[in-house]
Amino acid sequence: MMSLHALFGRHSADLKASRWDNGRFVTDCLICGREMIKHPAGTWQIATRR
Ligand SMILES: [Zn+2]
């Protein structure tokens with residue numbers, strides 16, 4: 001289903017669950033549950049592939 005969240009892409013990283021994995025941080029979006037990643041000098045973004 002198409003939600004406003006999906007349309008606008010404002011994802012919210014679950015910082016409490018973030019973990020270090022293979023050179024970047026990994027967690028899930030609190031709203032939609034999709035996997036998010038962040039490189040040390042970057043910003044949180046939805047993982048495009050595993
Ligand atoms: Zn999301």
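Colleague: Is Trp-20 buried or exposed?
Modeller: Keeping in mind that this is a predicted model, Trp-20 comes out as exposed, with a relative accessible area of 52%, and exposed here means over 50%.

Colleague: How many aromatic pairs does a search of the whole structure find?
Modeller: The search finds one aromatic pair. It joins the rings of Trp-20 and Phe-25, whose centres are 4.8 Å apart and whose planes stand at 75°, so the pair is edge-to-face.

Colleague: And what does Phe-25 count as for accessibility?
Modeller: Phe-25 counts as partly exposed, at 28% relative accessibility.

Colleague: Okay, what about the sheet, which order do the strands have?
Modeller: It is an open sheet of four strands in the order S1-S2-S3-S4, with antiparallel pairing. S1 and S4, the latter covering 45-46, stand at the edges with a single partner strand each, so one side of each is left without a neighbour in the sheet.

Colleague: Where does Lys-38 lie, and what is the nearest side chain of opposite charge?
Modeller: Lys-38 lies in strand S3. Lys-38 is buried yet has no salt bridge, and the nearest side chain of opposite charge is that of Asp-21, 14 Å away.

Colleague: Then which residues is Lys-38 in contact with, leaving aside neighbours within four places in sequence?
Modeller: With those neighbours set aside, Lys-38 is in contact with Arg-24, Phe-25, Thr-43 and Trp-44, and Phe-25 is also a member of the edge-to-face pair with Trp-20.

Colleague: Switching topic, how many disulfides does a search of the whole structure find?
Modeller: The search finds zero disulfides. As for individual cysteines, Cys-29 counts as buried at 4% relative accessibility, whereas Cys-32 counts as partly exposed at 34%.

Colleague: Last one, what is the phi of Asn-22?
Modeller: The phi of Asn-22 is near 55°, a positive value in a residue other than glycine. For context, most residues other than glycine have a negative phi.

Colleague: Where does Asn-22 lie, and is Asn-22 buried or exposed?
Modeller: Asn-22 lies in the loop between strand S1, 19-21, and strand S2, 24-28, and Asn-22 is exposed, with a relative accessible area of 73%.

Key. Residues are numbered from 1 along each chain as its sequence is written. This is a predicted model: local features need pLDDT of at least 70, side-chain atom pairs count only at pLDDT 80 or more; totals for chains, interfaces and linings use all residues. Side-chain values use heavy atoms; hydrogens and water are left out. Helices (H or I, at least four residues) and strands (E, at least two) are DSSP runs, numbered from the N terminus. Buried means under 20% relative accessible area, exposed over 50%, partly exposed in between (1.4 Å probe, protein chains only). Two strands pair if DSSP finds at least two bridges between them. A disulfide is a pair of cysteine sulfur atoms within 2.5 Å. Rings of Phe, Tyr and Trp (its six-membered ring) pair if their centres lie within 6.5 Å; planes under 30 degrees apart count as stacked, over 60 as edge-to-face and the rest as tilted. Lys and Arg count as positive and Asp and Glu as negative; His and the chain ends are not counted. A salt bridge is a side-chain nitrogen of Lys or Arg within 4 Å of a carboxyl oxygen of Asp or Glu. Contact means heavy atoms within 4.5 Å.
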